Amino acid sequence: MAAIGNRGTVTEAAGFNPDADVQALRGAMKGTGTDEAAVIQVLAPRTIAQRQDIKEAYKLSVGKELAEDLSSELSGTFRSVVLGLLMLAPVYDAYELENAMKGAGTEEAALIDILASRSNDEMNTINAFYKKKHDKSLEDAVCGDTSGMFQRVLVSLLTAGRDESDKVDEAQAVLDAKDIYEAGEARWGTDEVKFLTVLCVRNRNHLLRVFEEYQKISGRDIEDSIKREMSGCLEDVFLAIVKCLRNKPAFFAERLYKSMKGMGTTDTILIRIMVARAEIDMLDIKAQFLKMYGKTLHSFIKGDTSGDYRNILLELCGGE
């Protein structure tokens, strides 16, 4: 029943009773129109595990899938959030990856956000769910939808082979920093494979040492060098890897900020992060957001969204 992380705004609801929640949801969908506030009240403050119990109890007492009934009752961005909340975390990730590659064009941001930030275990589970549903591997799907060096970085990430120990090899760190420097800043053109080999394979502690050494050798921060040496999706994915290694909540805070600042909102990014991180590290993301932008995530969401969509996001965000 426990939450999937311990820094989430969504925690286990006390006195949880799936049958009572099912009755509340049935009431919310009865007759003409839907009581969206009741849907929010039931689903937003429950953990993913608790929502699975609600789904099961609903199917038992109604003989239908809760997701199907809610899908036909709701619409737009609000529906996207609600349906996302009903999925297990790896199922939601696999679903988002599938959507990113559907039809013409690719939503590279989704591929980058998910693949650059998940652990080996998370990635292996996503791969398994994807394969089960589509009868083809996620790797095949990514290869059919992307190309070049960007594709190779994504394939390396979804192979889930990163060293996850916390061992730092000092001599190797110096060598790795030198290799990246010589593959980029020190030459005409860039040898991106060297970047891939170091950034997608080594463990976090080791890479933090590599970045320190790199600064000494080149006089630049690794992120600045990536921006100078690369462009487009390749630049985006390498920057995402570095940022996630340094401070994952700060990476998500920046993604949320960019999804809402200026004209219009990139709802796909906003929804994906709010749904996926609510139970894991939303408290840390909120703290980073305030530190980085001097405003609360709560106030940003409030000013940038409206209606039931705003209400459910604010519930996932927690208070100011």
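## Pockets in a predicted model

A pocket here is an open set of grid points, where a 1.4 Å probe fits, with protein on both sides within 12 Å along at least five of seven lines. Keep that in mind as you look around this structure, which is a predicted model.

## The second largest pocket

By that definition, the second largest pocket has a volume of about 260 Å³. It is lined by 14 residues, and Asp236, Leu239, Lys243, Arg255 and Lys258 sit closest to its centre.

Which helix gives the largest share of this lining? That's α15, with 10 residues. Sort the lining by class and you get eight charged, six nonpolar and no polar residues.

## The largest pocket

Now for the largest pocket, which holds about 410 Å³ of space. Its lining counts 24 residues, with Arg118, Ser119, Arg162, Leu245 and Lys248 nearest the centre.

Helix α15 (232–260) turns up again, alongside α8 (120–134) and α10 (148–158): each supplies at least two lining residues. α15 gives the most, with six.

## Two helices side by side

α7 (residues 108–115) packs against α16 (residues 267–277) at an angle of about 20 degrees, and their axes are 10 Å apart. Angles under 35 degrees count as roughly parallel, so α7 is roughly parallel to α16.

On the α7 side, Ala109, Ala110, Asp113 and Ile114 make the contact, and they meet Ile269, Arg272 and Ile273 of α16. Five of these contact residues are nonpolar, two are charged and none is polar. The crossing itself is right-handed.

Conventions. Residues numbered from 1 in each chain as written. Predicted model: local features only at pLDDT ≥ 70, side-chain atom pairs only at ≥ 80, totals over all residues. Heavy atoms only, no water. Axes fitted to C-alpha atoms, helices over the stretch in contact; angles between N-to-C directions. Helix = DSSP H or I, 4+ residues; strand = E, 2+ residues; numbered from the N terminus. Parallel < 35°, antiparallel > 145°, perpendicular 65-115°, else oblique. Left-handed = near helix turned anticlockwise from the far one by under 90°. Contact = heavy atoms within 4.5 Å. Nonpolar A, V, L, I, M, F, W, Y, C, P; charged D, E, K, R; others polar. 1 Å grid on protein atoms, 1.4 Å probe; cavity = no way out; pocket = protein on both sides within 12 Å on 5 of 7 lines; lining within 4 Å. Points joined across faces, edges and corners; volume = space filled by probe spheres on them.
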